Amino acid sequence: MEHTRKSTSSDFITRAYLDSLLVEVRHLDAVMPSTQLELYGKTFRTPVTTGALSHLHRIAPDGMALMAKGAADAGAICFSGMGPKEELERMIATGASVIKIIKPYADRDSVRDKIRHAEECGALAVGIDIDHAFDMHHGGQYDVVDDMPMYPMSQQELCELVKMTKLPFVIKGVLSRQDARKCQDAGVQGMVVSHHNGRVDGAVPPLMILEEILEETRGQVPLFVDCSLQSGLDVFKALALGATACSVGRPLMPRIKQDGAEGARQVIEQITRELTYTMSMTCSPDLQHIDRSVVRLANFHW
């Protein structure tokens, strides 16, 4: 997610779909819930992660490291998008568990070099942003970001990249059963169900397709969800539908600009408190025992 992204019809549809999901309230036998997440051999206090943001130096000096520090202080996973190697090193130096997401550069040597660097400097996981190959503003062209041309990734290339690193490999931009199946067959250890905040107008909302992707992967691959998640209630709905963790981006940016790492920490912790409350009001004792039937789709007319 780049922070300059403008709203699209997909943003509206995604928000509307989120709001059409209603929560059944349950009280008897409720307990104080745990939001603890076990993932990739580590324990986190919350399933709320940062979004795979980039270029936060535009809103605050060393903004990416500030976001990472806030995530570390909140006991959360931090995603990292585009940025120089030194930036990733500063993020990891804060103590954050960082998942580095790399663009599908046409220069595949650059992709491999960034994967090796993420492994060498201690990233939690590494991955590819597969939905960024084509230019969303100029049809019929490959995308170019920061003077770096992009090119679509093949399943065979993905297999080779997965095998070259010991880190868990996460694919960002999965929004269909077809891609989920191909990614799983390639050996990935995580998928971010996302339409990148509307790279295609009218894209299916991530939570609408999430259950199909969960069925396709048979629960064997951790599933992250992003796009329009803003509150603990939003996160709860995604978890109930099968998400392992949920990424929040836009709510972080104004707080990082205003309060730095402390602002990022406060946002993550506030959303986690809202999640805890919703879990307590639905008899959901922990992340592994949220009953799918607690979320219902309203009669919603587009």
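Buried means under 20% relative accessible area, exposed over 50%, and partly exposed in between, with a 1.4 Å probe and protein chains only. These legends describe a predicted model, in which local features need pLDDT of at least 70, side-chain atom pairs count only at pLDDT 80 or more, and totals for chains, interfaces and linings use all residues. Residues are numbered from 1 along each chain as its sequence is written, and side-chain values use heavy atoms, with hydrogens and water left out.

**View 1. Tyr142 and Tyr151, a tilted ring pair.** A pair of aromatic rings is described by the distance of the centres and the angle of the planes. Rings of Phe, Tyr and Trp (its six-membered ring) pair if their centres lie within 6.5 Å; planes under 30 degrees apart count as stacked, over 60 as edge-to-face and the rest as tilted. By this rule there are three aromatic pairs. One of them is edge-to-face: Phe79 and Phe224, 5.2 Å centre to centre, with 90° between the planes. This pair links distant parts of the chain, 145 residues apart. Phe79 lies in strand β5 (residues 77-80) and Phe224 in strand β12 (residues 223-225). Helices (H or I, at least four residues) and strands (E, at least two) are DSSP runs, numbered from the N terminus. Phe79 is buried, at 1% relative accessible area. Phe224 is buried too, at 0%. The ring centres of Tyr142 and Tyr151 are 5.0 Å apart and their planes meet at 50°, so this pair is tilted. Tyr142 is partly exposed at 41%. Tyr151 is partly exposed at 40%.

**View 2. A cluster of Phe134, Tyr142 and Tyr151.** Ring pairs link these residues.

**View 3. Helix α7, residues 206-217.** The helix has twelve residues. Buried here are Pro206, Leu207, Ile209, Leu210, Ile213, Glu216 and Thr217. They cover an arc of only 150° around the axis, so they lie on the same side of α7. The arc is that of the directions from the helix axis to the C-beta atoms. Just after α7, Arg218 takes a positive phi of about 55°.

**View 4. Helix α6, residues 177-186.** Its buried residues are Ala180, Cys183, Gln184 and Ala186. Their arc is only 160° around the axis, which puts them on the same side of α6. What covers them includes α5 (155-163), β10 (169-174), β11 (190-193) and α7; contact means heavy atoms within 4.5 Å. Just after α6, Gly187 takes a positive phi of about 95°.

Terms used
Expected span 1.5 Å × (residues − 1).
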